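These exercises ask you to read a protein structure step by step, with the sequence and the model side by side. Try each task on your own before you turn to its solution.

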Amino acid sequence: MASALLQPSFVQASRRFLAAAARRVPLLPQPRRDNKRWVRAYLEQQRFLESPMRRSEKPNWDYHAEIQGFSHRLHEKFSLDLLKTAFINHCYIKNEEARRKMLGLEKEEITLNLKDNQQLSEQGASFSYSYLTECLEKAFPKMPPPGIEAIVNFLTGEELVSYVAKNLSLHDLTLCAEFPVPPNVLQRTFFAVIGALLQSSGPQRTEIFVRDFLIPQLIGKELFELWNVVNPMGLLVEELTKRNISAPEPRLTRQSGASTVLPVYFVGLYCDKKLLAEGTGETILAAEEEASRVALRKLYGFTENRKPWDYSSPKWERRAEKFLSSN
């Protein structure tokens with residue numbers, strides 16, 4: 001009886017609920033506030049299409065503060081006057097004087113009272129060359145002078161030094177007539193910074209600076225990528241003769257795919273019936289040259305599994321006296 005009385009009221013309540021739900025206004029989807037996926041790529045493409053601008057032409061630029069921040073970033077103590085001089089190139093002075101002359105300024109106002117970085121650059125380059133030469137002679141005592149010279153020329157070359165200078169943001173501080181700054185100007189500016197550090201903090205800190213930024217560039221480098229040897233077998237015979245060892249005898253040890261378009265030959269070099277080195281190549285001659293290069297790497301100690309670089313503190317006083325006496 002009670003269930004029969006409650007059933008009509010339940011049905012009526014359900015009908016009223018369904019009618020109210022039908023009259024309810026549907027919610028509109030809210031617009032997304034984030035950007036589309038293509039916006040970031042488009043903005044990045046537009047940034048690359050724009051002509052490069054000097055950092056000094058953009059807002060929020062304080063040259064004096066940037067010079068101070070540069071020395072703090074490197075954790076080095078520079079004389080601010082020397083550091084500012086290190087970033088001034090001769091081409092910038094000539095270009096600025098020509099621009100003032102075109103504006104019709106008087107002769108006294110045209111001439112700039114600035115000193116370029118030529119002297120600092122020469123001093124920094126000389127110090128870097130002598131320090132790297134001494135370090136490499138100690139690390140590879142069996143390597144002949146032409147090999148040491150080739151490695152030092154690579155470490156002080158225009159391509160590598162400009163790469164290091166660009167990663168240190170020297171191009172933003174360099175005062176140059178051209179922009180982007182050419183690699184030779186970056187190289188000269190980097191050596192000028194080394195010269196400024198030499199006069200500001202002495203040879204000890206300068207040696208650490210050169211060691212930390214230039215010597216690690218040898219990581220992953222192969223000896224004969226840096227040193228171009230035309231006749232490795234002749235050089236190997238010469239080195240073995242100095243050590244009173246008989247001339248090497250090349251022998252074909254293995255081969256694979258000799259009748260295919262991609263053959264592989266293994267040639268071993270034997271001295272006194274002992275295997276000195278083994279190399280591979282697409283031809284027997286190429287494998288023999290590679291074997292001679294492997295033997296030269298072993299003789300000079302420039303192998304892939306060589307000992308890590310010694311970063312212990314050297315004898316500063318002796319090296320400093322030697323450098324100062326040579327200048």
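**Exercise 1.** In which loop is the place of P180? Describe also the peptide bond that joins F179 and P180.

*Solution.* Keep in mind from the start that this is a predicted model. Begin with the location: P180 has its place in the loop between α10 and α11. Then turn to the bond itself: the peptide bond joining F179 and P180 is cis, with an omega of about 0 degrees. For background, most peptide bonds are trans.

**Exercise 2.** Describe how helix α11 and helix α12 are placed relative to one another, and which residues meet.

*Solution.* Two packed helices are described by the angle between their axes and the distance between the axes. Helix α11 covers residues 183-201 and helix α12 covers residues 203-214; their axes come within 7 Å and cross at roughly 150 degrees. Angles over 145 degrees count as roughly antiparallel, so α11 is roughly antiparallel to α12. Next, look at the residues in contact: from α11 these are F190, I194, L197, L198 and S201, and they meet P203, R205, T206, F209, V210 and L214 of α12. Sorted by class, this contact has eight nonpolar, two polar and one charged residues.

**Exercise 3.** Find the buried residues of helix α3, and work out how they are arranged around the helix.

*Solution.* In α3, which runs over residues 63-73, the buried residues are I67, F70 and S71. Looking down the axis of α3, you find these buried residues within an arc of 90 degrees, so they line one face of the helix. What they pack against is α4 (80-86), α10 (170-173) and α11. Finally, inspect the two ends of α3: at its start, a side-chain oxygen of D62 comes to within 3.4 Å of the backbone nitrogen of H64, while α3 is followed by H75, which has a positive phi near 55 degrees.

**Exercise 4.** Repeat the search for buried residues in helix α9.

*Solution.* In α9 (residues 158-167), L160, V161, S162, V164 and A165 are buried. The buried residues of α9 pack against α8 (145-155), α10, α11 and α12. Just after α9 comes S169, with a positive phi of about 65 degrees.

**Exercise 5.** Is S292 buried or exposed, and how does D172 compare with the cut-offs for these words?

*Solution.* Start with S292, which has its place in helix α15 (residues 284-300). Its relative accessible area is 0%, and because buried means under 20%, S292 is buried. Apart from its neighbours within four places in sequence, S292 is in contact with P232, M233, L236 and L269. Now take D172, a residue of helix α10. With 29% relative accessibility, D172 counts as partly exposed. Leaving out residues up to four places away in sequence, D172 touches R55 and W61. D172 and S56 are 116 residues apart in sequence, yet their C-alpha atoms are 7.8 Å apart in space.

**Exercise 6.** What are the phi values of D272 and K273?

*Solution.* Most residues other than glycine have a negative phi. D272, although not a glycine, has a positive phi of about 55 degrees, and K273, also a residue other than glycine, has a positive phi near 65 degrees. As for location, D272 lies in the loop between β2 (264-271) and β3 (274-281), and K273 is found in the loop between β2 and β3. D272 is exposed, with a relative accessible area of 58%, and K273 is exposed with a value of 77%.

Notes:
Residues are numbered from 1 along each chain as its sequence is written. This is a predicted model: local features need pLDDT of at least 70, side-chain atom pairs count only at pLDDT 80 or more; totals for chains, interfaces and linings use all residues. Side-chain values use heavy atoms; hydrogens and water are left out. Axes are lines fitted to C-alpha atoms, for helices over the stretch in contact, and angles run from 0 to 180 degrees between N-to-C directions. Helices (H or I, at least four residues) and strands (E, at least two) are DSSP runs, numbered from the N terminus. Angles under 35 degrees count as roughly parallel, over 145 as roughly antiparallel, 65 to 115 as roughly perpendicular and the rest as oblique. Contact means heavy atoms within 4.5 Å. Ala, Val, Leu, Ile, Met, Phe, Trp, Tyr, Cys and Pro count as nonpolar, Asp, Glu, Lys and Arg as charged, and the others, Gly among them, as polar. Buried means under 20% relative accessible area, exposed over 50%, partly exposed in between (1.4 Å probe, protein chains only). The arc is that of the directions from the helix axis to the C-beta atoms. A polar contact is a pair of N or O atoms within 3.5 Å; within protein, one must be able to donate a hydrogen and the other to accept it, and residues adjacent in sequence count only if both atoms are side-chain atoms.
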